Amino acid sequence: MHHFEMRDGELFAEEVQVADLAAAHGTPLYVYSAATIRRHFDAFDSAFSGLDHLTCYSVKANSNVNVLRLMGEQGAGMDIVSGGELHRALTAGIPSGRIVYSGVGKRAEEIRAALEADILMFNVESLAELARINDIAGDMGRKARISFRINPDVDPKTHPYISTGMKKNKFGLDIEKSLEAYQLARDLPAIEPVGIDCHIGSQLTSINPFLEALDKILAFKARLDDMGLGIRHLDLGGGLGITYNEEEPPHPREFGEALTSRLKDMDLKVILEPGRVIVGNAGILVTQVVYLKETPSKRFVIVDAAMNDLIRPSLYNSYHRIGEVAAHDRPKAKVDVVGPICESGDFLARDRELPGLEQGEYLAVYSAGAYGFAMSSNYNSRPRAAEILVDGSTARVIRRRESYDDLVALEK
Ligand code: LLP
């Protein structure tokens, strides 16, 4: 459910006409709906109301501070993976006691900044990282609260690049070796083991892999309890999928019920790290048709958004629905929608049935709110797009379009 809809043939973002935004701010243009973000956050968070829980939005999905602030106002915590994301979360006014820090390669200065901010906990992914956190916290006279990220060896049945909880992945600690890790951590002077963490992958469309992982984690927790190593935080990561095309992921309510029924009688604080399910369908990328081009084998629609703006189709071969901003009755044709970048991998859609488009018209690329702008780059020296946040009948530029001067500003 989102607040982008056609009214009398014109696309609206909440109460604002998308064509007007494109005309006023230019394209490519990211447009987000605040009502959708609030609604998705609330649907997800309230699905866990039966548990002592904290929903830590995964900043990497869409890290604009205004987007973070929206969720912060609803009581969200944040899942961060870098010093940059820590800076964004703090800038957005997120209380540090609601921040968890994941990632395999935390550098010393990033660890120091997180300790200084006094975040809720580090999700530790190796013994080398544990030793480093212990050293730095010791030097600072602090104690670091940590969870180990356990790799439960579960197949999340998603794209290989975004599967993270299988033995062959770089993430987490092997579940068999983790008991020793907790013993070690307990004896370190500047470490306080408070939790267990796991994140098995992204864009999951079934609950089963989550439950399979949870069963393994709970069995592991029972062994920790037996050793007198009681922990109170259980971080189950993110990963719940959304509908891009015809996927039918479980509703957050269903997901919440399934987890709640397994966890409700346990004395645990449950942490969740959703990203995509909150913001994915809360954003579109608006683009303009630059040229139409027909070769003997294909019809191309060349648009002004490219793989530097939205890399998901090129990188994961992922599907994003593309629709008209002003609808007309016209015959359909099968086309490739491509950007101006000098790579054949630069496409937004291939062999897609679309209405016979015209040069100059606007198109909306849907489900672009997660891992869209956040993964964008300046490749081909293309200034990054502007971002607009619509809230009811108001529209605000929350990141201005980059200029050519911005492109060279850091180069001496
Ligand atoms: N927690 C951790 C530790 C993660 O690594 C991730 C995502 C999340 C939470 C949030 O997962 P979500 O709820 O959004 O599925 N660029 C890819 C997705 C990469 C996900 C990386 N980790 C894409 O565009 O599909």
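This is a predicted model: local features need pLDDT of at least 70, side-chain atom pairs count only at pLDDT 80 or more; totals for chains, interfaces and linings use all residues.
Three strands form an open sheet in the order E1-E2-E3, and their pairing is antiparallel. In general, the strands of a sheet pair through backbone hydrogen bonds, in either a parallel or an antiparallel way.

The pairing of E1 with E2 can be followed residue by residue. Strand E1 covers residues 4-7 and strand E2 covers residues 10-13, and four bridges join them in the antiparallel sense. Glutamate 5 has phenylalanine 12 in E2 as its bridge partner. For methionine 6, the bridge partner in E2 is leucine 11. E1 and E2 make a hairpin with two residues between the strands. In this hairpin aspartate 8 takes a positive phi, near 50 degrees.

The domain assignment of the protein gives domain 1 as 4-32 + 280-408 and domain 2 as 103-272. Taken over C-alpha atoms, the centres of domain 1 and domain 2 are 36 Å apart. Where the two domains meet, 10 residues of domain 1 are in contact with eight residues of domain 2. Between them, domain 1 and domain 2 bury about 770 Å², and 57% of this is on carbon and sulfur atoms. The count of salt bridges between domain 1 and domain 2 is zero.

The largest nonpolar core has 104 residues, and the members that touch the most other members are Met71, Met78, Phe122, Phe148 and Leu263. Helix H8 (residues 208-226) gives the most to this core, with eight residues. Domain 1 (4-32 + 280-408) and domain 2 (103-272) both give residues to the core, so the core lies between them.

One of the core residues named above, methionine 71, shows which parts of the chain come together around it. Leaving aside neighbours within four places in sequence, methionine 71 is in contact with Ile37, Phe41, Tyr57, Ala76, Met78, Ile278 and Val279. Among these contacts is Met78, which is also listed with the core members that touch the most others.

Definitions and conventions:
Residues are numbered from 1 along each chain as its sequence is written. Side-chain values use heavy atoms; hydrogens and water are left out. A nonpolar core is a set of buried Ala, Val, Leu, Ile, Met, Phe, Trp, Tyr and Cys residues joined through side-chain atoms within 4.5 Å. Buried means under 20% relative accessible area, exposed over 50%, partly exposed in between (1.4 Å probe, protein chains only). Domain bounds come from an automatic or database domain assignment. Contact means heavy atoms within 4.5 Å. Two strands pair if DSSP finds at least two bridges between them. Buried area is the accessible area (1.4 Å probe) that two parts lose on being put together, summed over both. A salt bridge is a side-chain nitrogen of Lys or Arg within 4 Å of a carboxyl oxygen of Asp or Glu.
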